[in-house]
Amino acid sequence: MTVQITAGQFHAADGVEDWRCLYHVVSTCFRTGSLARGITLVDEIGRLASGAEQQHVNIDLRHAVVTVSLSLRDIALARRISAAAKDLGIPADASAVQLINVTLDTLVGADVLPFWRALLSYRQIGDDYLADPARRGPGFGLQPMDAARPQRNRMHLDIAVPHDQAEARIAAALAAGGQLISDAHAPKWWVLADAEGNEACVATWIGRE
């Protein structure tokens, strides 16, 4: 039987300081410095993740960076991956991770979801969410609204960031000409907008459990 844990329980565990919860996953970024070192680390992660846990591991390999995402319950695997990276002399940088969703406000979600599913060639999850089968692109979600809002944008970005980076990210956005629309739900999420009123939400796991 699979034991489910919360984001708070994950962050309270020992040995997972390199990792940050982003909605339903935990992620970290390893600064490998080269593709060769990245491949070495990925090979080691593959060895550590062999077996039942392997299906929960997502790895993004770039020239000088490896980003890894696991399910919340994979505390032991997170510890082993961090230890392997440390043995290889590869530092973790959890401040570099984020998860982006595109969110569309809709009157009748069932009327528009088939269009976006076909256009994006995404996989439907539940009644209001689409995911990239290749796990490369952002998620696409629907958010219900009570009445049409012709004078307001109906599409925005939801950006999940590490809980200890949210205030710095918001401060940087405000310093770059943004405006704070609402912090009524902080630290669960803040609503920001650019100079023309285009909105985005900055979210953390805090307040979701």
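**Exercise 1. Work out how much of the chain is buried, and how the chain is built overall.**

Buried residues make up 36% of the 209 residues in the chain. Here, buried means under 20% relative accessible area, exposed means over 50%, and partly exposed is in between (1.4 Å probe, protein chains only). Before going on, note that this is a predicted model: local features need pLDDT of at least 70, side-chain atom pairs count only at pLDDT 80 or more, and totals for chains, interfaces and linings use all residues. Residues are numbered from 1 along each chain as its sequence is written, and side-chain values use heavy atoms, with hydrogens and water left out.

Next, the overall build. You'll find five helices and twelve strands in the chain; helices (H or I, at least four residues) and strands (E, at least two) are DSSP runs, numbered from the N terminus. The C-alpha trace spans about 55 × 40 × 35 Å along its principal axes.

Now try the globule check. The radius of gyration is taken over C-alpha atoms, and the rule is 2.2 Å times the number of residues to the power 0.38. For 209 residues a compact globule would come out near 17 Å; the chain has 19 Å, which agrees.

**Exercise 2. Take apart the largest nonpolar core.**

Start with the rule: a nonpolar core is a set of buried Ala, Val, Leu, Ile, Met, Phe, Trp, Tyr and Cys residues joined through side-chain atoms within 4.5 Å. The largest one has 25 residues, and F10, W19, F30, V68, L70 and I81 have the most contacts inside it.

Two or more residues each come from α1, β2, α2 (35–48), β4 (65–71) and α3 (75–87). The largest share, six residues, is from α3.

Zoom in on I81. Not counting residues up to four places away in sequence, I81 touches W19, F30, I45, L48, V68 and L70, where a contact means heavy atoms within 4.5 Å.

Finally, look elsewhere: another core, of eight residues, lies apart from this one, and its members include L104, W116, Y122 and F140.

**Exercise 3. Decide why C21 has no disulfide partner, then check C201.**

A disulfide is a pair of cysteine sulfur atoms within 2.5 Å. The closest cysteine sulfur to that of C21 is in C29, 17 Å away, so it's too far for a bond. C201 is in no disulfide either; its nearest cysteine sulfur, that of C21, is 17 Å away. By this rule the count is zero disulfides.

For accessibility, C21 is buried at 1%, and C201 is buried at 11%.
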